[in-house]
Amino acid sequence: MNHPNAFSYLIGASIITMTALLFGSASAQMKTAAIDPSPIGIVDEVRNDAFGILPNRTPERLRNAASVFFEERIETSVNSLSRLLFIDNTTLTVGSNSSMVLDRYVYNSQTAKGEILVHLATGVFRFASGKMPKENVTLVTPGASIGIRGTDFITEVLNDGSTRVSVFQGRVLLTPNGGESMTLEPGQVGVIAAGTKVGTVENCPAMNFTASVEQRELAALAHAH
C-alpha cells in the first residue's frame, strides 16, 4: 500500500489531552479577540508555514497556543503541519499542502452535546474524536461525506477530488456524493474516485497495517528532525 509523504507528519502527531495549564496559557490571547467569534480551540502544534484565514481578514501565520475560530480556513504549505485541539478534546491534524474550513462547531461542556462540520478541500488530515457526540461529527470532501463512530483515521483528498480514508481505530461511515454509504473498520481503506458514486474497500490486517505504516512514517519523521 502506497501512501503520500504527508503521512510522515500525521502518524507521528500524538493525541494529547487539554490541560488546565494549556488553557491558562491561551486564555489571555483568547480574551483579546473581542472582535472575533468565540474561540473553539487552539493550535496545539505547528511546524513551518501554516496559516489561519478568517472571513474578510488577511491570512495570519499560526503559532502554538493561538486561538482557532468558527469559519476559519486553515492552510499549510510544503513540509508543514498544524494540529488543532478543540475544546471537547477532538484533535484534527492538517498535513502538508492542505486546506480545510471549520464550517460549524458547537459544544456545550456541561451537557457534552454539540456538532462539528469540517470541509476538507485538499491534502491530508488525521482526525481523532474527543467528547463530541460521534453521530454529530461530519467531515466533507469534494466527493464524499465522512461520519464517525468514535475513531482515529486519516483522510486524503487529492487534487482531482478523490477521497481516501484509512481507519486506525473505531469505525467510519464513508458516503460518496449521490451514492450508498460503506462502513470502514480498523485496518480498512475506503477509496472514492473523483466523479464516482461507488466506493471501494481495501482490506488489510489491522495490526500489520497500522504497525507497518507507523514504523515507516515515524522513521521518516525522526530523520526530518
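The model is predicted, so local features need pLDDT of at least 70 and side-chain atom pairs count only at pLDDT 80 or more, while totals for chains, interfaces and linings use all residues. Residues are numbered from 1 along each chain as its sequence is written, and side-chain values use heavy atoms, leaving out hydrogens and water.

**Strand β1**

Select residues 39-47, which form strand β1. Strands here are DSSP runs (E, at least two residues), numbered from the N terminus. Eight of the nine residues of β1 are buried, so the strand is largely enclosed by the rest of the structure; buried denotes under 20% relative accessible area with a 1.4 Å probe, protein chains only.

**The Phe86 and Tyr105 rings**

Rings of Phe, Tyr and Trp (its six-membered ring) pair if their centres lie within 6.5 Å, and planes under 30 degrees apart count as stacked. By this rule there are two aromatic pairs. One of them is Phe86 with Tyr105, stacked at 5.3 Å centre to centre with 20 degrees between the planes. This pair links distant parts of the chain, since Phe86 belongs to β6 and Tyr105 to strand β8 (residues 99-108), 19 residues apart. Phe86 is buried at a relative accessible area of 2%, and Tyr105 is buried at 9%.

**The largest nonpolar core**

A nonpolar core is a set of buried Ala, Val, Leu, Ile, Met, Phe, Trp, Tyr and Cys residues joined through side-chain atoms within 4.5 Å. The largest has 36 residues, and Met100 and Phe153 have the most contacts inside it. Strand β9 (residues 113-128) supplies the largest share of this core, five residues.

Select Met100 and its contacts (heavy atoms within 4.5 Å). Beyond neighbours within four places in sequence, these include Leu84, Leu92, Val118, Leu120 and Phe125.

**Two further sites**

Move to Thr141 in strand β10 (residues 137-141). Thr141 is buried, with a relative accessible area of 5%. Leaving aside neighbours within four places in sequence, Thr141 touches Leu120, Ile146, Thr155, Val157 and Thr163.

Finally, select Arg126, which lies over the face of Phe168 at 4.8 Å from the ring centre. The criterion is NZ of Lys or CZ of Arg within 6 Å of the ring centre and within 35 degrees of the ring normal.

Key
Buried < 20%, exposed > 50% of the residue type's maximum accessible area, 1.4 Å probe, protein only. Helix = DSSP H or I, 4+ residues; strand = E, 2+ residues; numbered from the N terminus. Phe/Tyr/Trp six-rings, centres within 6.5 Å; stacked < 30°, edge-to-face > 60°.
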